[in-house]
Protein chains: 2
Amino acid sequence: MATGRAGSGRPTIYHVAKEAGVSPSTVSRAMSNPGRVNAATVARVIEAATRLGYRTNPLARALPSGRTDTLALFVSDITNPHFFGVIRGAEHQARAAGCTLIVGDTEESPEVEARNIERLGPSVDGFVIAASRMSDEEITKLSAGHRLVLVSRQVAEVPSVIVDHAEGTRQIVEHLASLGHRSIVFLAGPPRSWLGARRWESLTAAAGRHGVSAQRIGPFPPTLAGGGAAADAALGTGATAAVAHNDLLAIGVLRRCAERGVAVPEDLSVVGYDDIFGADFCSPPLTTLAGQFQESGRTAVDMLLAMRDRHGARPARNQVVLPSHLAIRRSTGPAPR
Amino acid sequence: MATGRAGSGRPTIYHVAKEAGVSPSTVSRAMSNPGRVNAATVARVIEAATRLGYRTNPLARALPSGRTDTLALFVSDITNPHFFGVIRGAEHQARAAGCTLIVGDTEESPEVEARNIERLGPSVDGFVIAASRMSDEEITKLSAGHRLVLVSRQVAEVPSVIVDHAEGTRQIVEHLASLGHRSIVFLAGPPRSWLGARRWESLTAAAGRHGVSAQRIGPFPPTLAGGGAAADAALGTGATAAVAHNDLLAIGVLRRCAERGVAVPEDLSVVGYDDIFGADFCSPPLTTLAGQFQESGRTAVDMLLAMRDRHGARPARNQVVLPSHLAIRRSTGPAPR
DNA sequence: AAAGTTTTGGCAACCGCTTGCCATGCGCTG
DNA sequence: CAGCGCATGGCAAGCGGTTGCCAAAACTTT
């Protein structure tokens, strides 16, 4: 009968201490601060520990030391494949550093974010918040009481890692302009998305420079299903190219176009953001701005760990911007005449 | 400067106790066992707590009580989109139950699985292990010392939830047979995969009943890239239909076929397992056995929680089998003559 | 050889919360 | 009105580690 719970006879440092003929504090030191103890004693302790099958209890260790070797990652919507890259990267890096990763879904809600941070605060060494929906003020406030690293979001003074949007979006517009497109429609995502706002901002700027007109419609839920409505709305605008908030939406547009007999890219070019799983094998394969999101997760975890270990000292690189590149595939083509 | 660490001035039950004019133990009871305390006192304590912004420290609570309200989920390869369903389902259900979820990648390694369980044992209330690569014996042994629920794996006496394979595979074979296929090739996945073994088992059984010949080739890594080699090998066998270990592999096959100018389904029918994200918009859309993996995650968490709360009493449903259904799409068609 | 350093290990006080046990005081029964 | 039981709150001992401080031991240094 599975118990494994407290009092489960799992050996403690006290058992090891008796077995090795030393005091518990020596065992503790031997395990976590070997420099402080004579090498021979350490060896004896280690030997006793392995003999007994001792494993240190992370909880008990964390309580007095305040160090949990656990990191939390919150994503705004765990349903969105975009975040899988971030999750993977973070998980991988955390594991490499001997840390455990907690993954949470905040369901697009700033309240859930704040509540979770408050709740988990003492249990983790820090938080990675991807695509936070909280306000700048709230983030700043929370970052005063907790170690926080933002992903896909920038707030002054708060460490963050984002994928370059300005340059990437410029490439999208250039690509489209060179194909003869003169009218672009942007399919907006969630209203609270900082990233979405930046993408639109960059798009209008770049469009202006290239003499291309850009309009925004939406918001649409950033999902495959949302792409249906987005496609219909986009087709109504007369634009020859649609730039979607993200790939999910873009692929949804692709599907809706296929249903309606609208040829992509002959009738409409479609561009997405993120290069998610599937973007290269949907039909037609999607032209999209590929960001290194796995790298984002990794970097964010690194920064968090650095903050923890350098204990308060401001990290060297506080606001990281990762490069992006345009993956040109078959969903974009010459503008219809 | 973000600290938020121990000694961070976060109020404790002692502060609340003083504020409310009661003893710490009363505060503790008021928070976690209100029946034991006079209602008026509880109200006073609650009020003091909110006034101070008190939040209970999960670590400190877990240490003496042995209850962490945290669950761990391990997947054999976090890179595989198949698991995203499980992760989502588990995360969602855990959150609904007020639990925190730890997600870990065991990298197809039984050792990593065992080590992680050992390490995290005291920090969690139980484990969900998806597609465990451990041996039956090892699982049985571990399940004696920890609360364990298996997903996509069955071991006698250990709680588990799987998606039906026998019936589903029968449907695949029937579908193929009715399209005139007489020779099927199974593209095997990882050698240690229990699920893979069951699928192949069911396939030969069903094929036998329908007078269809079935052969197995592989193993192939269950990835898109693995599909390239698998496709080439499959085409060499002369079979008219390929059933892949999973959708990742199947989509890889689709891509390779497209590259080689092999028409799907005209020259070769392709079937996958899992109905992952993308299976419905790849080209051609993939016929696949859809399982309710999100439901698997949810159910597994439910079982775990039930085990914890009914404290050792054997769960009512110990080995859950979820239904599957064949999603027939365009990657299968009549056998070439 | 005496005095001064450094190592090394033990003591005991925590970290913040839970819980078994006891003392109090009240309401009730007879 | 004595006697009893129960609801209520406090005390204190943990849970399994960490760590500041001190004393003994082992080395150096004059």
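Trainee: What is the exposure class of Glu108(A), buried, exposed or partly exposed?
Mentor: This is a predicted model. Buried means under 20% relative accessible area, exposed over 50%, and partly exposed in between (1.4 Å probe, protein chains only). Glu108(A) has 28%, so it counts as partly exposed.

Trainee: What pLDDT (the predictor's confidence in each residue, from 0 to 100) do local features need?
Mentor: Residues are numbered from 1 along each chain as its sequence is written, chains are lettered from A and ligands numbered from 1 in the order written, and side-chain values use heavy atoms, without hydrogens and water. In this predicted model, totals for chains, interfaces and linings use all residues, side-chain atom pairs count only at pLDDT 80 or more, and local features need a pLDDT of at least 70.

Trainee: Which residues of chain A have pLDDT under 50?
Mentor: Chain A averages a pLDDT of 90, and 96% of its residues score at least 70. Where pLDDT is low, predicted coordinates should not be read in detail. In chain A, the stretch that stays under 50 is residues 1–7.

Trainee: What is the phi of Glu108(A)?
Mentor: Glu108(A) sits in the loop between E2 and H6 of chain A. Those labels come from DSSP runs, numbered from the N terminus: helices (H or I) have at least four residues, strands (E) at least two. Most residues other than glycine have a negative phi. Glu108(A) is not a glycine, yet its phi is positive, near 60°.

Trainee: Is Ser152(B) buried or exposed?
Mentor: Ser152(B) also shows a positive phi, about 60°. Its place is the loop between E4 and strand E5 (160–163) of chain B. Its relative accessibility is 6%, so Ser152(B) is buried.

Trainee: What is the omega of the peptide bond from Ser283(B) to Pro284(B)?
Mentor: Most peptide bonds are trans. Pro284(B) lies in the loop between strand E9 (269–274) and strand E10 (287–291) of chain B. The bond from Ser283(B) to Pro284(B) is cis, with omega near -5°.

Trainee: At roughly what angle do H10(B) and H11(B) cross?
Mentor: Axes are lines fitted to C-alpha atoms, for helices over the stretch in contact, and angles run from 0 to 180 degrees between N-to-C directions. Helix H10 (residues 224–237) and helix H11 (residues 247–260) of chain B come within 7 Å, crossing at roughly 60°.

Trainee: Which residues touch Asn116(A), beyond four places in sequence?
Mentor: Asn116(A) belongs to helix H6 (residues 110–120) of chain A. At 12% relative accessibility, it is buried. Contact means heavy atoms within 4.5 Å. Its partners are Phe74(A), Thr106(A), Gly121(A) and Phe127(A).
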